[in-house]
Amino acid sequence: MRLKIFDVETLNKMFYYLDYNVDTQEFVDFEISHRKNDLDKMVKYLVDRDFDYLVGFNSLNFDSQVITYITESSPNWANLKGDEIALKIAEFASKTIDDTNHGLRPRYWENDLVCPTIEIGRAHV
């Protein structure tokens, strides 16, 4: 089984994706911001998948929700700058957190996520 441990960070003007390949011990990262826009590279990487599962903490309710939203929405963002895309991602991330805090289910069901995900834990707030 090919596993990648991953995490995402969402800020108003920056999005960051990082994963670690357990077998090769290599890192892969992507940034979307005013200074760098890896959107197309990241979407291709996630869709073409050279791994079986992403592994993360609280990832079914957050991280995988965000990357699925990005891959689904990216065709609509062709004319946007990196910081504009990062803001859209941050708004989705904030709504996802708010929904979870109010007991609402995430937007995407587990079988609809862009990448199969293994959850190693959930944060309880």
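A crossing of two helices is left-handed if the near helix is turned anticlockwise from the far one by less than a right angle, and right-handed if clockwise. This is a predicted model, in which local features need pLDDT of at least 70, side-chain atom pairs count only at pLDDT 80 or more, and totals for chains, interfaces and linings use all residues. Residues are numbered from 1 along each chain as its sequence is written, and side-chain values use heavy atoms, with hydrogens and water left out.

Helices (H or I, at least four residues) and strands (E, at least two) are DSSP runs, numbered from the N terminus. Helix α2 (residues 59-73) passes α3 in a right-handed crossing. The axes of α2 and α3 (residues 82-101) come within 10 Å and cross at roughly 140°; axes are lines fitted to C-alpha atoms, for helices over the stretch in contact, and angles run from 0 to 180 degrees between N-to-C directions.

Aromatic rings of Phe, Tyr and Trp (its six-membered ring) pair if their centres lie within 6.5 Å; planes under 30 degrees apart count as stacked, over 60 as edge-to-face and the rest as tilted. The count is nine aromatic pairs. The ring centres of Phe 6 and Tyr 17 are 6.2 Å apart and the planes are at 35°, so this pair is tilted. Phe 6 lies in strand β1 (residues 3-11) and Tyr 17 in strand β2 (residues 14-21), 11 residues apart. Phe 6, Tyr 17, Phe 30, Tyr 45 and Phe 51 form one aromatic cluster.
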